[in-house]
Amino acid sequence: MKVTGITILFWPLSMVLLSDKIQSSKREVQCNFTEKNYSLIPADIKKDVTILDLSYNQITLNSTDTRVLQTYFLLTELYLIENNVTVLHNNSFDNLSSLKILNICRNSIYIIQQGAFLGLNKLKQLHLCQNKIEQLNADIFVPLRDLKLLNLQGNLISYLDVPPLFHLELITLYGNLWNCSCSLFNLQNWLNTSNVTLENENITMCSYPNSLKSYNIKTVPPKAECHSKLPSPVSEDLYSPFQPISNSTFNSSLNNLTRNSERVPLGKSWAFLIGVVVTVLTTSLLIFIAIKCPIWYNILLSYNHHRLEEHEAETYEDGFTGNPSSLSQIPETNSEETTVIFEQLHSFVVDDDGFIEDKYIDIHELREEN
């Protein structure tokens, strides 16, 4: 009797749940457009579609695709597997408030803008596997308040800040380039203290440093200095935790810096500077020579005189005075011409001192010789 009463009491409730399930199954509208070689999302799909599969096409999810996609506001599942998506722009899924599953695996996504997932308040599963994502800002997950599954497998991620996903139950991180230095400490602590399950934990391995490659990211032993509360760096190369510097550390660092500076070759700027200096000096020297060369040439010509030897002077005089009869042998020469010639000849006769008068001959030098 009691069983019959309880059945009668819960019968209306069971009927309501059954009717909701039937209605929901009736409202489910699936559209499969896989392998159609589409480059754009088709705009002629039924507006009441709830499950849309556009996998294995050439869709880039540009602004045109975004406008078309927002007209299908009843979507609960969207599959864009293996397309040509490279960037997830802001508000790409803004009007899809009923979407629960979004799968964009096997694309070439390398940038996810800050507001890419705005409007996805009911999203349960986000699949971003096998893309080219290197860094993820944890704030992009803020709109995903009900997210339970996050798949980041097979990307290029080396560091991930703790995502603010309070309802997350499963996360997939294997196949990335994890840096298991101090930058991983916050993520490791979150994985070990929260209720999130790390899928394929045993193969989610460290990629560097080499000494930690045999560990997975959840069990890698953290260094002692990593326990201090420091801001999470983006990478070990960009930031490192502060440590007090001792004298020995400072000296060794200084020696290493000196050795490195000795090994570093001179840059091309030094060679360029030396070339400019040499060119300027050479040009200046050529200009100076060009200006001074005529002066030096005139000076050399001015001092191109020399003293005549005594026998040369006598021979020179005898050539004109020793044979006066030669003048008489010149035919048809009048007396005036003879006089002029005679004066010209005797103008070359040396003085009694035996020297030719020359204004360039130093008088003091002559006196010293006498």
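Which residues form a nonpolar patch on the surface, and how much accessible area do they have together? Hello everyone, let's start there. Trp270, Leu273, Val277 and Leu281 form that patch, with about 410 Å² of accessible area together. Patches here are built from residues with over 30% relative accessible area and no salt bridge; like charges are joined within 9 Å, and nonpolar side chains (Val, Leu, Ile, Met, Phe, Trp, Tyr) within 5 Å. The areas come from the Shrake-Rupley method with a 1.4 Å probe, and for residues only the protein chains shown count as cover.

A word on the model itself. It is a predicted one, where local features need pLDDT of at least 70 and side-chain atom pairs count only at pLDDT 80 or more, while totals for chains, interfaces and linings use all residues. Residues are numbered from 1 along each chain as its sequence is written, and side-chain values use heavy atoms, with hydrogens and water left out.

Leu281 sits in helix α5, residues 268-302. Helices (H or I, at least four residues) and strands (E, at least two) are DSSP runs, numbered from the N terminus. Leu281 counts as exposed because its relative accessible area is 56%; the cut-offs are under 20% for buried, over 50% for exposed, and partly exposed in between, using a 1.4 Å probe and protein chains only. As for the spacing, an α-helix has 3.6 residues a turn, so residues three or four places apart point the same way.

UniProt, in an unreviewed entry, places a "transmembrane region" at residues 270-291. UniProt positions follow the numbering used here, feature names are shortened, and annotations may be inferred rather than shown by experiment. In the model, that span is 100% helix and 0% strand, and its end C-alpha atoms lie 32 Å apart.

Now let's zoom out. The protein has 9 helices and 12 strands. Of its 370 residues, 28% count as buried. It exposes about 25100 Å², with carbon and sulfur atoms supplying 57% of that. Contact means heavy atoms within 4.5 Å, and among contacts with a separation of 6 or more, residues 24 or more positions apart account for 52%.

From β11 we can walk into the loop between β11 (197-199) and β12 (206-208), where we find Thr204. Is Thr204 buried or exposed? Thr204 is buried, because its relative accessibility is 0%. Setting aside residues up to four places away in sequence, Thr204 touches Leu173, Tyr174, Trp178, Leu198, Glu199, Asn216 and Ile217. A polar atom of the Thr204 side chain also lies 2.7 Å from the backbone oxygen of Asn200.

On to the charged pairs. How many salt bridges does the structure hold? There are 3, a salt bridge being a side-chain nitrogen of Lys or Arg within 4 Å of a carboxyl oxygen of Asp or Glu.

Arg106 and Glu82 make one of them, at 3.8 Å from N to O. Arg106 lies in the loop between β5 (101-103) and β6 (111-112), and Glu82 in the loop between β3 (77-79) and β4 (87-88), so this pair ties together parts that are 24 residues apart in sequence. Arg106 is partly exposed at 40% relative accessibility, and Glu82 is partly exposed at 36%.

Glu169 and Lys148 form another, with their closest N and O atoms 3.7 Å apart. Glu169 is in the loop between β8 (149-151) and β9, and Lys148 in the loop between β7 (125-127) and β8, so the pair ties together parts 21 residues apart in sequence.

Lys218 and Glu201 also meet in a salt bridge, at 3.9 Å from N to O. This pair links distant parts of the chain, 17 residues apart: Lys218 is in the loop between β12 and α4, and Glu201 in the loop between β11 and β12. Lys218 counts as buried at 17% relative accessibility, whereas Glu201 is partly exposed at 25%.

Last stop: Tyr79, in strand β3. The C-alpha atoms of Tyr79 and Asn103 are separated by 4.9 Å, although the two are 24 residues apart along the chain. Beyond its neighbours within four places in sequence, Tyr79 is in contact with several residues, including Ile51, Leu54 and Ile101.

Technical notes
A polar contact is a pair of N or O atoms within 3.5 Å; within protein, one must be able to donate a hydrogen and the other to accept it, and residues adjacent in sequence count only if both atoms are side-chain atoms.
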